Amino acid sequence: MIIRINGQEVEIERDLNLLELVLSKKLPAESVVLEHNLCIVPKDEWENVPLRENDHIEIVSFVGGG
Amino acid sequence: MKDLLIIGGRAINNRLFVGTGKFSDFRLMKDALEKAAADVVTVALRRVDAGSKTDNILDYIPRHCVVMPNTSGARNADEAVRIARLARASGAGDWIKIEVIQDNKYLLPDNLETLKATEVLAKEGFIVLPYMSPDLSIAKRLVSAGASAVMPLGSPIGSNRGVKTKELVEIMVSEIKIPVIVDAGLGSPSSACECMEMGCAAVLVNTAIAIAEDPVNMAWAFKDAVSAGRRAYLAGLTCGGNFASPSSPLTGFLRKEDN
């Protein structure tokens, strides 16, 4: 299955939910915010949202800025 | 007399707001924020790289601070609104600095898109502080749209050129009833002091502190300058003139002729 994460096409080998995706990418789950097809998904719902073909995922966090 | 700045119902003790970009490391940034005694601190929101090992910047911002994410990277109102919602979802609170920029050379804000984003976000309960080009009409519209403060630029972001927009900012200070905060371009403590002497409610400084040889001492210097400028404003600055006005008496000179 092909999805887009932060603008990049990524092939996912098996069915994953959002939580599994974040963990599989070794991302710091506690400090990121996730947008699934333009909808912000709260952390406690990540495991209830399965990824589907062509999903658009944005994963962001805070950095230094003025 | 307590001289408190109130924004979004919150009392701000320190009128020096500090940005967190461009510091060489988070530990140094933390020391600078502490030395500045910052109460309001800005951050940006960006995509995370897979496997990124970067520390969480929020762990290096003193707990008592208001964290004000900016919408940098937004090129129009919709993008700014999207970034603001993501920032709030990350648990940083309701403050948002709206920054909408299409011009990569001077990084000047798009006032019209900024106004649109302000209208939407203020309705959603955000404490909105729009970064703007100093323009009285737009500032008034931002007030009507629900902005909690307006943040005119002193000079282009990161340029360290000081408050080149002084006369326009002065007009805003005189006519706008919500806090006017000079953001961007303040390269030296004296320029921050100048803004405070003009009656600005606060200043936001990032580059001049972050890229100084000694950011911690520079943060300290800005803190003192902001405090001095504010005190001078409250004390009532006197006007200058074209000619001298002696400060010593003009009588009783030790001269041969009669005084």
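Biologist: Is A:Asn37 buried, exposed or partly exposed?
Modeller: In this predicted model, A:Asn37 counts as partly exposed because 13 other C-beta atoms lie within 10 Å, and a residue is called exposed at 12 or fewer and buried at 20 or more.

Biologist: Where does A:Asn37 sit in the chain?
Modeller: A:Asn37 belongs to the loop between β3 and β4 (39-41) of chain A.

Biologist: And what is its phi?
Modeller: The phi of A:Asn37 is positive, at about 50°, although the residue is not a glycine.

Biologist: What about phi at A:Leu38?
Modeller: A:Leu38, also a residue other than glycine, has a positive phi near 75°, and A:Leu38 too is found in the loop between β3 and β4 of chain A.

Biologist: Is A:Leu38 buried or exposed?
Modeller: A:Leu38 is exposed, because 8 other C-beta atoms lie within 10 Å and the class takes in residues with 12 or fewer.

Biologist: Switching to the interface, how many residues of chain A are in contact with chain B?
Modeller: On the chain A side there are 19 residues, in contact with 29 residues of chain B, and β5(A) gives the most to that side of chain A, with seven residues.

Biologist: How do the residues on that side of chain A divide?
Modeller: They divide into nine nonpolar, six polar and four charged residues.

Biologist: Which strand of chain B pairs with β5(A), and in what sense?
Modeller: The partner is strand β4 (residues 40-47) of chain B, which pairs with β5(A) in the antiparallel sense over five bridges, and A:Val63 stands opposite B:Ala44 in β4(B).

Methods
Residues are numbered from 1 along each chain as its sequence is written. Chains are lettered from A and ligands numbered from 1 in the order in which they are written. This is a predicted model: local features need pLDDT of at least 70, side-chain atom pairs count only at pLDDT 80 or more; totals for chains, interfaces and linings use all residues. Two residues are in contact if their C-beta atoms, placed from the backbone, lie within 7 Å. Helices (H or I, at least four residues) and strands (E, at least two) are DSSP runs, numbered from the N terminus. Ala, Val, Leu, Ile, Met, Phe, Trp, Tyr, Cys and Pro count as nonpolar, Asp, Glu, Lys and Arg as charged, and the others, Gly among them, as polar. Two strands pair if DSSP finds at least two bridges between them.
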